Amino acid sequence: TSLFEEKVTSNAVEKSVYAEGLAGIGYPGFFVGNFSVYNQTGPNPFKISFGHETMNGYARNSRSSVFFDKNTSVSAEKTFSFGKGKFVASGLYKSLNDGLQNQNENMSDMTRELMKTHEVFSMNLPKGFSFVGAVEGSWYRRYGTVVGTPLTPIPDYAKNISVVALSPNAKLDFKYKDFFIGFDSKYSLSLDMINSFGERFSNSGRFSLDSGYENDFVKATGKVGLVVGNDIGGNPVLVPFSVAADFTIPVQFSSRNVKLSVSGGMDSYSPEIHALEMKNAFSVLGKIPGESTDWYGKLDFSLPVKEFLSFRLFTEIRKTAFGNGTLTADYNDDSSRVAGLYVYSKKDMFQFNTLTSASYKTKVGIFGAEWESAWASRPANIHFQKLQATYSYQSRTAFFTFDALLGFYPGDKDMIPFFDFEVGFKVSPAVRLALAGDDIVKLIMGKPRLYAGSYISRSGGISLLAKFVF
């Protein structure tokens with residue numbers, strides 16, 4: 001092989017590995033740095049990512065105050081392919097740190113940390129069979145910074161928790177022409193490692209059988225399962241089930257297809273403690289979550305018109321089944337707070353949610369509108385109404401971009417509109433600079449944006465960003 005051929009080959013290998021990132025600073029006390037290195041081609045792709053973002057001083061509070069948040073994450077994923085099989089290993093570390101905004105004189109901030117690993121082995125077997133085996137493990141801990149000696153003792157579960165979870169599962173599928181059938185089994189265990197809760201562990205076993213038919217225009221599926229465990233409510237077993245149909249319909253008035261999905265049945269699940277607490281800031285669970293069960297129905301309809309107009313209608317109805325209510329943070333109940341933090345309760349709910357959206361593509365940009373509603377019971381951090389309009393423009397050469405979002409929450413205590421924008425310029429083939437504004441109305445007013453309960457959120461900011469791809 002000549003030196004020139006070796007050099008070309010080397011460059012081709014190097015070009016299969018890419019790096020991209022985002023770095024920026026802003027007011028008030030904003031910093032972001034997100035970076036990734038990846039190879040998404042070939043039989044053995046990988047991706048490594050790091051991210052950090054922080055904001056200090058909400059609504060013109062001082063930077064040294066406890067009005068701040070920090071978000072740090074590191075993740076990696078690697079695929080190994082061999083013969084008819086594949087093995088994917090991934091890991092994640094995530095840390096969220098929130099200032100407690102002087103809501104408790106003896107606890108200044110709270111940190112939530114998650115370490116998670118997920119391994120999946122899949123293989124195509126003879127005669128239409130396939131097998132997937134996976135195991136997921138996680139370690140979640142939450143701890144607060146306690147200052148001084150509290151006059152009222154802080155419960156252990158509000159100060160410090162450490163929960164380890166393990167969940168192996170296996171699935172065997174069989175496919176013949178357009179028909180398929182599969183059997184899935186999963187075991188889940190969550191264990192309190194430092195006796196923060198009254199109950200040390202929660203476990204469950206889930207078994208399901210699903211089958212269906214699929215071609216280019218329709219997919220019809222049915223599924224029935226069995227759930228057993230030590231915290232599944234008043235029944236010794238639960239039998240969740242579902243039926244669903246997805247339709248892809250060609251139409252003469254657009255090159256895109258009309259899509260319609262309908263599904264319904266009984267859904268039973270056990271939320272993970274880290275998923276609830278990391279989603280709902282300033283909240284603490286007093287026990288490891290148990291089972292939640294709902295009757296449900298869904299409809300999702302997408303309608304394209306020519307190449308420039310799109311409509312979507314989504315609706316979902318849920319009603320608590322067998323007394324296994326939805327776990328939700330009680331942001332509306334200040335009387336039950338612990339150390340200034342909101343606790344959870346299980347509530348029987350009837351939820352009726354809708355989403356309507358439209359987008360219109362023109363020569364001067366893409367216009368969008370969205371109306372999201374929760375007409376009945378609402379879990380934590382779900383707004384009664386949300387209206388927003390969007391606009392996006394990119395010049396022909398992609399040298400200049402502009403994005404904007406305007407919206408508000410009708411019926412909320414705070415109905416001041418939120419307005420976000422980003423103006424971007426390409427300074428080289430690999431680098432873009434952008435000026436971004438977040439919740440500009442609140443930034444100008446210097447007023448807080450309510451997060452939930454007695455806590456506020458970032459309440460506006462403006463930043464200068466640099467984006468790159470190499």
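Guide: A pocket here is an open set of points on a 1 Å grid over the protein atoms alone, where a 1.4 Å probe fits and protein lies on both sides within 12 Å along at least five of seven lines. The model is predicted, and local features need pLDDT of at least 70, side-chain atom pairs 80 or more, while totals for chains, interfaces and linings use all residues. Residues are numbered from 1 along each chain as its sequence is written, and side-chain values use heavy atoms, without hydrogens and water.

The lining (residues with an atom within 4 Å of a point) of the second largest pocket consists of 45 residues, and K186, R206, S268, Y269 and S270 lie nearest the centre. Two or more lining residues come from each of β7 (129–146), β8 (160–176), β9 (179–192), β10 (201–214), β11 (218–229), β12 (241–251) and β13 (254–269). Strands are DSSP runs of E with at least two residues, numbered from the N terminus. By class, 18 nonpolar, 18 polar and nine charged residues line the pocket. Asp, Glu, Lys and Arg count as charged; Ala, Val, Leu, Ile, Met, Phe, Trp, Tyr, Cys and Pro as nonpolar; the others, Gly among them, as polar.

Strand β10 also holds S208. S208 counts as buried because its relative accessible area is 10%; buried means under 20%, exposed over 50%, and partly exposed in between, with a 1.4 Å probe and protein chains only. Leaving out residues up to four places away in sequence, S208 touches G182, F183, D184, K223, V224 and G225, where contact means heavy atoms within 4.5 Å.

Elsewhere, the whole structure contains 24 aromatic pairs. In one of them, Y18 and Y38 are stacked, at 6.1 Å centre to centre and 25 degrees between the planes. This pair joins strand β1 (residues 18–27), which holds Y18, to strand β2 (residues 30–39), which holds Y38, across 20 residues. Rings of Phe, Tyr and Trp (its six-membered ring) pair if their centres lie within 6.5 Å; planes under 30 degrees apart are stacked, over 60 edge-to-face, and the rest tilted. Y18 is partly exposed at 38% relative accessibility, whereas Y38 is buried at 15%.

Note on methods:
Helix = DSSP H or I, 4+ residues; strand = E, 2+ residues; numbered from the N terminus.
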